[in-house]
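Biologist: Could you walk me through how the parts of this model meet?
Modeller: Gladly, let's look at it together.
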Amino acid sequence: MSPVRVAGAGLTPFGNVPERTGRDLFAEASTIAFEDSGVEREDVEAVFYGNFMGELSEHQGHQGPLMAEAAGVRAPATRYESACASSGVAVRDAVFRIRNGEADVVLVGGTERMTNLGTAGATEALAIAADDLWEVRAGMTFPGAYALMAQAYFAEYGGDREGLAHVAVKNHENALPNEKAQYRSEITVEDVLEAPQVSSPLGLYDSCPISDGAAALVLTSEAYAEEHGLEAPVAITGTGQGGDRMALHDRDYLARSPAASEASEEAYADAGVDAGDVDVAEVHDCFTIAEVLAIEALGLESVGEGISAARDGRTTADGDTPVNLSGGLKAKGHPVGATGASQIAEIAALLAGTHPNSEFVEGATTGVAHNAGGTVASATVHVLEVIP
Amino acid sequence: MSDSGESEGVQDAGFDDWVDAAEEGTAYYLECPDGHGSLPPRRVCPECGLTDLERVDVPETGTVETYTVTHVPTPAFEDDAPYATAIADFGPVRITGQVVGTDPDVVEDGLEVELEITVSQTTGERVIGFDPLVR
Ligand SMILES: [Zn+2]
């Protein structure tokens, strides 16, 4: 399969900027991506754009054309909504469009504006990623759903809050040199364990922040990259998507993410790699338990072992397979519609050697990005490789 | 927050009917000819695609499979927190609900419960609850 080049990537700082509109955020991210790529805006043939809660946070549906306009692009534009996996699925379709030979240049990305809703409003908005009738009306929140999974994991495989705390500590540490990260502060295991409970066993420091931000990628065909002499050493070589039942209580597993397993198997097969080839990963750690479930689903850890991976140094920056060198959703921030595309931007930079944490993955050739929607009723996985 | 429409507004067919039945102690699930259980409203068995679904009584008691105590709720449950949310196994179906009538801290895996429709202290809306057999 012909690789799809990551010609350029752009991120806004992720953080708390309630006054900034979605269109302003995406304009900034896409401008950086175009400058990084050397691709002319007029060459863009399609815009694929991820966004989750725009109706609630900005009273704005139909964001596709609005965001193409904000990016200065005249091309058909479509919004993708798949909860926190919105831009992961947008990237997947962009990859297909280019592979099919139907486009040479696609602008893909996503934006979320969340902090203007306040904590209660954002909690309510995030909850609509769950089943409204059978989960939300019973009082289940988004952190509450992951807490149910954490509790189920402890009961089935063992482990405790301290294991989870090491995930948070690791990701905060990784974010220290990342100028786009929302939190650039060291925390300790004690800080995590002593933080106020959100939904037991998860506390404040087990949870990602509420964030504003945007991410944009300029993806091109191999032929276009060659013809225009683009500097684009990293390509997306595999894509996969998996699905599961909407409500957690209807799942076969409460302490595993089969949708992510399916997505990774498909993506690995597509790229012709396996889990053992993965040098570095960005995974969807909206809560600390989510990173544990993700690395198990990706085959980077055996089922039941993921809980000790951060504590024992297997996924830390100096470990065998560093996970979330960007700081992850936990410390980098989680503007939900932007997250999937931002993870691909981070992996591309890590593999290209342009990331502040690239020193930890010198010589690495293969990375994966895992993006999850809701309580992983949706999941996408992308494989990126260095192809000089 | 969406309005469940108990006394005003529009009902959610299937769901509000189910809550009515549960309130009267006659909660049901939907069973397909192959014996797969699922919760309403539904026209198609999500497991096999068969469309001939029949109402069958939910077993009297269920077992807490996993639970959490929520301290930071959505605005619709602001005055209810902290409260315990559990997934309980009723055999053919699992259900998510709030554990009622007991201190959230005593909830544990394996706790036997009965369905009991309760109301949100914040909104007065009906909520699926689980009443422990032993407190
Ligand atoms: Zn069936």
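Modeller: First, a term: a salt bridge is a side-chain nitrogen of Lys or Arg within 4 Å of a carboxyl oxygen of Asp or Glu. This is a predicted model, where local features need pLDDT of at least 70, side-chain atom pairs count only at pLDDT 80 or more, and totals for chains, interfaces and linings use all residues. Residues are numbered from 1 along each chain as its sequence is written, chains are lettered from A and ligands numbered from 1 in the order in which they are written, and side-chain values use heavy atoms, leaving out hydrogens and water.

Biologist: Which residue meets B:E23 in a salt bridge?
Modeller: Chain B is divided into domain 1 (1–58) and domain 2 (59–135), with bounds from an automatic or database domain assignment. The rule finds 3 salt bridges across the interface of these domains. At 2.8 Å, N to O, the side chain of B:E23 meets that of B:R126.

Biologist: How many residues of domain 2 of chain B are in contact with domain 1 of chain B?
Modeller: Contact means heavy atoms within 4.5 Å. By that rule, 19 residues of domain 1 of chain B touch domain 2 of chain B, whose own count is 14 residues.

Biologist: What area do chain B and chain A bury between them?
Modeller: Buried area is the accessible area (1.4 Å probe) that two parts lose on being put together, summed over both. Here 57% of it lies on carbon and sulfur atoms, and the value for chain B and chain A is about 2900 Å².
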